[in-house]
Amino acid sequence: MDHRDHREDREHRTDRTDVPLDVHIGHHELELSKRYESASIANDVLIGIWFIVGSICFFSEELMTLGTWLFLIGSIQMTLRPAIRLSRRVHLRRHGSEQPAHPMDF
């Protein structure tokens, strides 16, 4: 075998794009994760809306109080983010999941 044969052999072994990846997750766990992810996304969208509308309200003297309330609602709603993550972890743990927390957990 010459150097080219070794290189071709290495390239063949490291190119694994066609190998299927098997991930075993219980159906119930996947369904729960999707629900919590949806709740987290909806929460983030609402937070964005409250802050955008609140910011626009600050341009008008008459709407300043409304803008302040929207900022307060958005700030309070930001505390729901960790509550959603914690609820998901507790729920999955209660159903027997041993899956470790992911750093990008929603």
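Thr 65 lies in helix H3 of this predicted model. The residue is exposed, because its relative accessible area is 53% and the cut-off for exposed is over 50%. Thr 65 and Gly 54 are 11 residues apart in sequence, and their C-alpha atoms are 9.2 Å apart in space. The notes below start with the chain as a whole and then turn to single residues.

**Overall make-up**

- The chain has four helices and zero strands.
- Read from the N terminus, the order of elements is α-α-α-α.
- Helix H1 covers residues 3–14, helix H2 covers 27–57 and helix H3 covers 64–78, and helix H4 covers residues 80–94.
- The chain has 106 residues, of which 18% count as buried.
- The accessible surface of the chain comes to about 8,700 Å², and carbon and sulfur atoms supply 61% of that area.
- Counting contacts between residues at least 6 apart in sequence, 58% join residues at least 24 apart.

**Confidence of the prediction**

- The average pLDDT of the chain is 76, and 60% of the residues score at least 70.
- Confidence is highest in helix H3, with a mean of 96.
- Confidence is lowest in helix H1, with a mean of 52.

- How many salt bridges does the structure hold? There is one.
- This salt bridge joins the side chains of Arg 81 and Asp 44, with 2.9 Å from N to O.
- Arg 81 belongs to helix H4 and Asp 44 to helix H2, so the pair ties together parts that are 37 residues apart in sequence.
- The C-alpha atoms of Arg 81 and Asp 44 are separated by 8.0 Å.
- The side chains of Arg 81 and Asp 44 are also listed as a polar contact of 2.9 Å.
- Arg 81 counts as partly exposed because its relative accessibility is 35%, a value between the limits of 20% and 50%.
- Asp 44 is partly exposed as well, with a relative accessible area of 31%.

- Gln 77 lies in helix H3.
- Is Gln 77 buried or exposed? Gln 77 counts as buried, because its relative accessibility is 11% and buried means under 20%.
- Leaving out residues up to four places away in sequence, Gln 77 touches Asn 43, Leu 46, Ile 47 and Trp 50.
- With Asn 43, Gln 77 makes a polar contact of 2.9 Å between side chains.
- With Trp 50, the side chain of Gln 77 makes a polar contact of 2.5 Å, again to the side chain.

- Gly 48 is placed in helix H2.
- With a relative accessibility of 26%, Gly 48 counts as partly exposed.
- Which distance separates Gly 48 and Gly 74 in space? Their C-alpha atoms are 7.7 Å apart, while the two residues are 26 residues apart in sequence.

**The loop between H2 and H3**

- Phe 59 is placed in the loop between helix H2 and helix H3.
- Phe 59 counts as exposed, because its relative accessibility is 75%.
- Ser 60 is found in the loop between H2 and H3.
- Ser 60 is buried, because its relative accessible area is 18%, and the cut-off for buried is under 20%.
- The side chain of Ser 60 makes a polar contact of 2.9 Å with the side chain of Glu 62.

**A nonpolar patch on the surface**

- Which residues form the nonpolar patch on the surface? They are Ile 41, Val 45, Leu 46, Ile 49, Ile 52, Val 53, Ile 56 and Phe 59.
- Together, these residues have about 780 Å² of accessible area.

Conventions
Residues numbered from 1 in each chain as written. Predicted model: local features only at pLDDT ≥ 70, side-chain atom pairs only at ≥ 80, totals over all residues. Heavy atoms only, no water. Patch = residues over 30% accessible without salt bridge, like charges linked within 9 Å, V, L, I, M, F, W, Y side chains within 5 Å. Areas by Shrake-Rupley, 256 points an atom, 1.4 Å probe, with all protein chains shown as cover. Salt bridge = Lys/Arg side-chain N within 4 Å of Asp/Glu carboxyl O. Helix = DSSP H or I, 4+ residues; strand = E, 2+ residues; numbered from the N terminus. Buried < 20%, exposed > 50% of the residue type's maximum accessible area, 1.4 Å probe, protein only. Polar contact = N/O pair within 3.5 Å; in protein donor to acceptor, adjacent residues only side chain to side chain. pLDDT = per-residue confidence, 0-100. Contact = heavy atoms within 4.5 Å.
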